[in-house]
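Have a look at the sequence and the fold, then read on.

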Amino acid sequence: MKNKAYIFALAATLLWGSSAAVVKILLQNLNSLQILLYSSLFASISLFFIALFQRKLSIIKSYTKKDYLNFACMGFIGVFLYYLFFYLAISYLKAQEAFIINYIWPIMIVLFAVPILGEKFTVKKILAIIISFMGVVIIATEGNIQQLHFAKPLGVILAVIAAISYGLFSVLGKRQNNDKTLSMMFYFIFTFIYTLISIILFGNIPQINGMQIVGLLWTGIFTSGGAFLLWFLALKYGDTSKIANMAFLTPFFSLIYIYILLHEDIQIYSIIGLIFICIGIFIQNFRFNIKNNY
């Protein structure tokens, strides 16, 4: 099963890596809320069938009002806000820039773990944070770090907020004891509700064509529900620390998708920034996010 675990993990990273490129294509005709509306709906449906296949739906009977309140809060922080700000960042930045900057979320886990989990700052953690944020600065300034001129500050801020949202979600998730599949299903159900309300108040539900449906199904089913299931299976059957380190592959796969699907020239400052961020993440060694990267 160990070989299968690596196959599952590789498949999950391949799916996650495609998200920025696919969303960038969808943003040509849809806005961030509209994409999130359909992708959260499709993710909810796919996770429902995954839970059905796993024979876990009966567990729902044991959930209390407190559990549903928890699902609502966690879904708002870690799914609704995360994807909304991530999609907005992609709309302002190059796909490669948004995805790489967003990849500092493991560092955000270290920061939130101090006040929430009572972890202590160490020299290793401080060094990891500094190095990773140097990578963000390199990308945000498009390599002109001496002048510190931020080319698209709003996009950078949005990508960082997305990372903050997911980092907080991951740390809070360490205290959750509910079934992972059902939890994610409810997170996406509540995200769909939040997005629907937002669109009713501030936008409109668009008509979508065949190609857009394909893209939305991909983001909802494969990069959300499917990738989550594959990652869960990889962690279950493989060596946890080795599987977790395979998450390093995700941004590199993303650059390949971006180059092929969007024809974006991969900038040298993006590569350098990504290397800095990955070094920072490696230094703190994925201590807190092993089971929350989905």
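How many disulfides does a search of the whole structure find? The count is 0, where a disulfide is a pair of cysteine sulfur atoms within 2.5 Å.

Before going further: this is a predicted model, so local features need pLDDT of at least 70 and side-chain atom pairs count only at pLDDT 80 or more, while totals for chains, interfaces and linings use all residues. Residues are numbered from 1 along each chain as its sequence is written, and side-chain values use heavy atoms, with hydrogens and water left out.

Now for some individual residues and their relative accessible area. Buried means under 20%, exposed over 50%, and partly exposed in between (1.4 Å probe, protein chains only).

| Residue | Relative accessible area | Class |
|---|---|---|
| Cysteine 73 | 41% | partly exposed |
| Cysteine 278 | 9% | buried |
| Glutamine 212 | 9% | buried |
| Arginine 55 | 76% | exposed |
| Histidine 263 | 63% | exposed |

Arginine 55 has a positive phi of about 60° despite not being a glycine, and it sits in the loop between α3 (32-53) and α4. Histidine 263 also isn't a glycine and has a positive phi of about 60°; look for it in the loop between α12 (249-262) and α13 (268-284). The helix names come from DSSP runs (H or I, at least four residues), numbered from the N terminus.

On to the largest pocket, which holds about 220 Å³ of space. A pocket here is an open set of points on a 1 Å grid over the protein atoms alone, where a 1.4 Å probe fits, with protein on both sides within 12 Å along at least five of seven lines; lining residues have an atom within 4 Å of a point. Both α2 (19-26) and α10 (210-237) give two or more residues to the lining, with α10 providing the largest share, 5 residues. Among the lining residues are Val22, Asn29, Gln212 and Trp218. By class, the lining has 6 nonpolar, 5 polar and no charged residues.

Gln212 belongs to α10. Leaving out residues up to four places away in sequence, Gln212 touches Leu26, Asn29, Leu30 and Gln207, contact meaning heavy atoms within 4.5 Å.

Finally, a helix pair: the axes of α4 (residues 65-92) and α5 (residues 95-102) come within 8 Å and cross at roughly 145°. Tyr82, Phe86, Ala89 and Ile90 in α4 meet Ala98, Phe99 and Asn102 in α5, a set with 6 nonpolar, 1 polar and no charged residues.

How values were computed
Points joined across faces, edges and corners; volume = space filled by probe spheres on them. Nonpolar A, V, L, I, M, F, W, Y, C, P; charged D, E, K, R; others polar. Axes fitted to C-alpha atoms, helices over the stretch in contact; angles between N-to-C directions.
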